[in-house]
Amino acid sequence: MYNKSFEPKYPQIDLNKCTFCKLCEMVCPYWAITVDKENKQVIVDESKCFGCSLCQSRCPVKAISGVI
């Protein structure tokens, strides 16, 4: 039987809260996050993300959820 609790959880970015400071991009040990400040986009590459939640724990405005 398949257990969904073991599915990886990826960061969800609230673009209304995000200040595009790029801290999440800098702390990600897997280079899974790209912040495009000019176009106000944050891209999470799910093929690189391991769901470690480092980005979520370091976001100064709590714009990242869904990992923990």
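How many disulfides does the count come to? In this predicted model, the count comes to zero. A disulfide is a covalent bond between the sulfur atoms of two cysteines. C18 takes part in no disulfide, and the nearest cysteine sulfur, that of C24, is 6.3 Å away. For C55, likewise in no disulfide, the nearest cysteine sulfur is that of C52, at 6.3 Å.

**Burial of selected residues**

C18 has a relative accessibility of 17% and therefore counts as buried. C55, with a relative accessible area of 8%, is also buried.

| Residue | Relative accessibility | Class |
|---|---|---|
| C18 | 17% | buried |
| C55 | 8% | buried |
| F20 | 8% | buried |
| S53 | 16% | buried |
| K17 | 43% | partly exposed |

In soluble globular proteins, nonpolar side chains tend to be buried together. Here the largest nonpolar core comprises 14 residues, and C24, I33, V35 and V42 have the most contacts inside it. Strands β2 (33–36) and β3 (41–44) each contribute at least two residues to this core. What does V42 contact, leaving aside its neighbours within four places in sequence? V42 is in contact with I13, L15, C18, F20, I33, T34 and V35.

**The loop between β1 and α1**

K17 is located in the loop that connects β1 (12–13) to α1 (23–27). Why does K17 count as partly exposed? Its relative accessibility is 43%, and the partly exposed class lies between the limits of under 20% for buried and over 50% for exposed. Although K17 and K62 are 45 residues apart along the chain, their C-alpha atoms are separated by 7.5 Å. When residues up to four places away in sequence are not counted, K17 touches V61, K62 and A63.

F20 is also found in the loop between β1 and α1. Its relative accessibility of 8% means that F20 counts as buried.

**Positive phi angles**

Most residues other than glycine have a negative phi. F20, however, has a positive phi, near 60 degrees. S53 likewise has a positive phi, near 75 degrees. S53 is placed in the loop between β3 and α2, and with a relative accessible area of 16% it is buried.

How many cavities of 30 Å³ or more does a search of the whole structure find? The search finds two. The largest cavity has a volume of about 110 Å³. Its lining consists of 16 residues, of which C18, C21, C24, C59 and I64 lie nearest the centre. Helices α1 and α2 (54–58) each supply at least two residues of this lining. By class, the lining of the largest cavity divides into 13 nonpolar residues, one polar and two charged.

The second largest cavity has a volume of about 70 Å³. Among the 13 residues that line this second cavity, those closest to its centre are C28, C49, C52, S53 and C55. The lining of the second largest cavity contains 11 nonpolar residues, two polar and no charged.

Methods:
Residues numbered from 1 in each chain as written. Predicted model: local features only at pLDDT ≥ 70, side-chain atom pairs only at ≥ 80, totals over all residues. Heavy atoms only, no water. Core = buried A, V, L, I, M, F, W, Y, C linked by side-chain atoms within 4.5 Å. Buried < 20%, exposed > 50% of the residue type's maximum accessible area, 1.4 Å probe, protein only. Helix = DSSP H or I, 4+ residues; strand = E, 2+ residues; numbered from the N terminus. Contact = heavy atoms within 4.5 Å. Disulfide = S-S within 2.5 Å. 1 Å grid on protein atoms, 1.4 Å probe; cavity = no way out; pocket = protein on both sides within 12 Å on 5 of 7 lines; lining within 4 Å. Points joined across faces, edges and corners; volume = space filled by probe spheres on them. Nonpolar A, V, L, I, M, F, W, Y, C, P; charged D, E, K, R; others polar.
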